[in-house]
Structure formats: structure tokens, C-alpha cells
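Here is a brief report on one chain.

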Amino acid sequence: MPDFHYTDGIRMKKQEPRKKMKLPDRYVTEMTDLLGAEAGDFFASYGQPPAVGLRANGLKLPPAALRERAPFRLAPVPWAPEGFYADGDERPGRHPYHFLGLYYIQEPSAMLPAELLDAAPGDRVLDLCAAPGGKATQLASRLRGKGLLVVNDSAGERTKALAKNIERAGVRGAVVLNEQPARLAEAFGAFFDKVLVDAPCSGEGMFRKDPDMARAWERHSAERSARMQDGILRDAARLVRPGGRLVYSTCTFNPRENEGTVARFLAAHPEFEAEPPDGPLPACFAPGRPDWLTPEEAAGLAPERQRSLAAAVRIWPHRCRGEGHFAVRLVRRPAEGESEGGDADTAGSVIGRPDKAAGRRGRKPESAKAGTDAEADALRKFAAFLRESLPGWQPQGELVARGGHLYEQPPGLPPLDGLRVVRPGLHLGFAGRHRFEPSQALAMALSCDQAALSLRLSSGEADSERYLKGETLQPDPDRLRAPDGSPARGTGWTLVCIDGFPAGWGRWDGRLLKNELLPGWRLI
């Protein structure tokens with residue numbers, strides 16, 4: 001009989017202890033010195049399997065609805081209302097609901113920084129080191145489609161996965177950039193209400209989940225990481241408006257990269273102060289440790305500023321069900337004579353100038369600006385596509401054409417001139433030779449009742465799997481639906497829905513549904 005344990009009333013299979021992993025000798029010595037009597041429990045945690053976590057996408061459905069729908073056992077993550085632990089024997093990444101963007105597979109401790117940032121509808125939010133997109137999609141869920149989300153990563157090869165995860169989640173009001181923090185600070189200035197810096201680090205908190213990081217630890221020293229973090233935070237500070245919030249986080253235990261980095265930042269930026277999290281914290285959380293500062297780090301801060309570092313949060317794997325994490329919330333106080341909210345015209349922003357901002361919102365495709373014949377052609381073909389295939393859908397921002405590609409750029413965005421832009425907004429599609437080809441991103445951002453034609457499938461039927469694998473379907477014509485759910489007649493672009501959520505496009509000719517799911521989106 002299998003051995004079970006219970007978490008929040010849910011019966012979950014207990015996993016066997018893992019084979020003891022080899023940790024670097026210097027790391028063992030350092031952690032033993034830091035943790036003292038707790039070191040034994042800490043090192044014993046490496047023999048336990050890492051937690052499997054996933055987070056409900058609030059843009060698609062609330063957490064309770066996911067828990068009710070999910071075919072596998074879920075238990076709540078105490079510090080993330082949308083987060084769940086999944087049974088380690090399950091494979092949530094292979095379920096259609098993952099493909100549909102109903103949840104994001106995310107390490108439970110990694111859900112903490114976005115919770116501390118506490119984004120709210122209407123905020124202007126920047127995720128500065130965003131790839132692969134877990135925290136970015138978490139922030140988008142909190143914005144509820146109202147506000148602006150800019151997601152950035154300086155590593156170009158990582159922005160492809162970042163953009164795809166944003167698109168899978170059905171996010172509309174997001175811009176994806178590939179820039180250095182200093183370039184963003186120059187372009188935006190103190191523009192953002194909330195900025196998240198999930199900084200590159202030595203990765204000590206991820207050794208259990210990824211043993212390769214333990215093997216690479218000697219090459220990626222804490223000192224080197226700390227220097228990089230100092231530079232990122234220096235630029236991040238310039239992006240936060242007066243009265244705004246900055247959350248700094250790492251997945252390492254090393255005090256030099258955690259309390260030390262924050263201490264150096266506070267010493268250089270007296271306008272920022274550490275702020276305790278809102279409300280009661282889970283009992284397993286540990287506070288920051290000002291007593292772990294080096295004499296040099298402590299010398300730069302007044303005693304009360306040193307003590308404020310206890311407002312940080314540490315997650316230890318021997319105390320909480322999750323990997324190692326550190327996060328602290330920092331607030332920028334307005335300077336004397338400076339109002340909260342900063343300068344509305346920073347970096348050429350249209351926010352605060354209704355005459356310009358209103359002109360971008362809800363603009364019809366036929367009236368949008370086009371600089372070339374190719375762009376004008378894209379706008380005309382998109383307008384025809386809307387009339388035929390999405391009669392109830394309207395852009396929320398400015399339509400931006402780049403060659404034959406068309407994007408919905410969020411309203412209130414400053415100029416992006418000179419920046420490396422991966423996505424200037426929601427990718428709507430491409431103007432082909434004969435017609436507009438809608439994108440997968442547009443499909444994922446819709447609801448099934450917005451399409452003139454939709455095919456409604458259930459996740460348990462064979463056609464759903466066949467569609468997700470890229471196969472042509474031959475459905476009963478009576479299954480094609482109009483926006484009100486009644487049987488529809490006609491041909492053309494069809495939104496394929498599974499369990500009431502969009503999965504992608506097909507082309508219906510009255511007999512066959514040609515699959516328009518791109519190879520990179522198919523189940524393998």
C-alpha cells in the first residue's frame with residue numbers, strides 16, 4: 001500500500017527520499033557557520049524532493065475554479081493566493097490546461113516576490129529581469145488587464161520563452177523588451193509605480209532543484225554576483241516614481257547578495273527604505289538578518305537603517321515547503337517639494353495628457369496611423385478580418401504596424417525609439433498576400449464568445465488532443481458555434497476552444513477544419 005501524507009486536508013503521495021547530493025565543501029562550511037544548530041536540518045532537506053508548484057492564471061479563471069477543474073490533487077501555497085502544490089507524481093506540464101494558459105508551472109518560493117510587489121489594476125509595472133516569465137505572468141494576473149506591464153530581459157536568447165509565456169497567459173497590456181537596465185532608465189526615467197528586480201545570483205537556493213547549479217557554484221562567486229546586483233539596482237532606482245515600490249529578490253542564501261546588496265543600495269539611496277510586508281506572514285518564514293552584514297556593509301548605514309533589513313523575508317527549505325529565496329520590499333519616499341507620482345511627462349509619456357492618451361484608446365483599424373504601404377495594407381486587411389471573424393472585439397490601445405505584422409500597443413506607453421523591442425504589445429497577426437493571418441497570441445487573449453465562428457471541444461475527447469498535435473479535424477458542422485452559443489453557419493477563421501478556453505485558430509471550409517496551430521505551439 002502506498003505511503004501518504006496530508007497537506008491542508010489533501011491526501012498526497014509521499015515521495016521517496018532522494019540520493020544524497022554532493023555539495024561544494026566551501027559552501028557546506030559557509031552554511032554551517034551561518035546556521036549553527038539549524039545546519040543539520042538544512043542539509044537534511046537536500047535529501048527530500050523539491051516541491052512541484054503551479055499558479056492559477058487569474059486572467060483566465062480564479063484559483064478556486066482551477067482547483068475544482070484540475071484532474072490532479074492540489075494544496076494551497078501559504079504565501080500565494082493563486083499558488084498550489086501539486087503531487088510530485090503528476091505531470092501538469094502535459095495537461096491541456098497548461099497549454100491553454102490556465103496555470104503556470106512555478107516553483108512555490110518564486111511566487112513570493114510578485115506577492116510582495118502587490119501590483120494592482122491601473123499600475124505601471126516593470127519586471128526588469130523577467131525571463132522566462134513566471135513572475136511577469138503573475139504580475140499580469142494581478143493587473144487584471146488594467147494598467148501597463150513592461151517585461152524585460154537583457155539576455156536576448158531568453159526573451160523568446162518570455163514572449164511565449166506572456167502570450168500563452170493571454171496578456172494584452174504588456175510590452176516585451178531586450179535591454180540593459182541602464183538603457184531603460186534613460187528611456188523611461190522615474191515612470192513606474194512598481195518595479196521588480198529578481199536579480200541574477202549565485203543560485204544557492206536552487207541546488208536541490210538543479211544540481212548543475214551546485215557544480216557551477218565555484219565559477220559564479222557571490223562577489224561577482226553582488227557586483228552585478230549593485231549595478232542593476234542602481235539603474236532600477238531611477239525607474240521608480242516617488243512614492244513607488246521596488247522589490248529585490250534572489251534565489252540564493254548568501255548574505256552578501258541579500259542583506260549586503262540591500263545595505264549597499266540603501267547607503268547609496270537615502271530616498272529608499274525597507275518596508276515590512278503587509279499582514280501576518282506564514283510561520284515558516286524567516287526575517288532578514290542585519291547581523292549577517294560585514295563590518296564594511298554595516299558602516300554605510302545608520303543603526304535604524306541596518307535594523308530595517310529585518311523586514312526582508314527569507315524562505316529556507318528546511319522550514320518551508322519550497323526552495324531557497326530572499327525578497328525585500330523597498331519604497332521610494334518623495335523628496336522635499338516632490339509629489340508622489342512624479343512627473344507625468346517623464347520620458348515623453350502620454351499619461352497625464354488626456355488629449356494624447358485618449359487618441360490612442362479604442363482607435364479603429366481604418367483610422368490608425370500607417371507609415372508605409374505595407375503597414376496600410378496590414379491595417380486594411382486586419383479591419384476586414386475583424387468585421388468577418390471578430391465582430392465584437394475592439395483594440396484597447398494604438399495599432400502599431402511593423403512591416404506586415406500588427407500589434408496592439410498598450411495605451412499610455414512612452415516612445416520606445418532606440419530600444420530593442422521584442423513585442424511592442426499584443427501581436428495580432430500578419431498581413432499575408434491575400435488575407436490577414438491572426439496570431440496565436442490573439443487567440444489566447446480572446447474569449448470563446450468573441451469569435452464569429454468557434455469550435456467548442458472538451459479536454460476529454462480525441463479531437464482536442466488531435467488539434468493540439470496540429471492535425472486537421474473533421475468535426476460535425478453542428479458543433480460550430482456563433483458568439484451566443486447557437487449553431488453557426490459560414491466558413492473562415494474559427495477559434496478552437498477546449499473546455500471553454502481558446503486554444504488557437506483553424507480554417508473551416510464547411511467540411512474540414514485546417515489546423516493553424518504553429519509548430520512551436522503544438523504538443524509533441
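The secondary structure of the chain comprises 17 helices and 25 strands; both are DSSP runs numbered from the N terminus, helices being H or I with at least four residues and strands E with at least two. This is a predicted model, where local features need pLDDT of at least 70 and side-chain atom pairs pLDDT 80 or more, while totals for chains, interfaces and linings use all residues. Residues are numbered from 1 along each chain as its sequence is written, and side-chain values use heavy atoms, leaving out hydrogens and water.

| Chain property | Value |
|---|---|
| C-alpha box along the principal axes | roughly 75 × 70 × 40 Å |
| Buried residues | 55% of 524 residues |

Buried means under 20% relative accessible area, counting protein chains only.

The largest nonpolar core has 42 residues. Such a core joins buried Ala, Val, Leu, Ile, Met, Phe, Trp, Tyr and Cys residues through side-chain atoms within 4.5 Å. Leu-246 is among the members that touch the most others. Its contacts (heavy atoms within 4.5 Å) include Val-195, Phe-265 and Arg-329, leaving aside residues up to four places away in sequence. Apart from this core lies another, of 35 residues, including Met-111 and Phe-285.

An open sheet of 5 strands runs S22-S21-S23-S24-S25, with mixed pairing. Pairing takes at least two DSSP bridges between two strands. S22 (480-481) and S25 (513-515) are the edges; each has a single partner strand, so one side of each lacks a neighbour in the sheet. S24 (residues 501-508) and S25 run antiparallel, joined by 3 bridges. Gly-506 has Asn-515 in S25 as its bridge partner.

Definitions and conventions:
Buried < 20%, exposed > 50% of the residue type's maximum accessible area, 1.4 Å probe, protein only.
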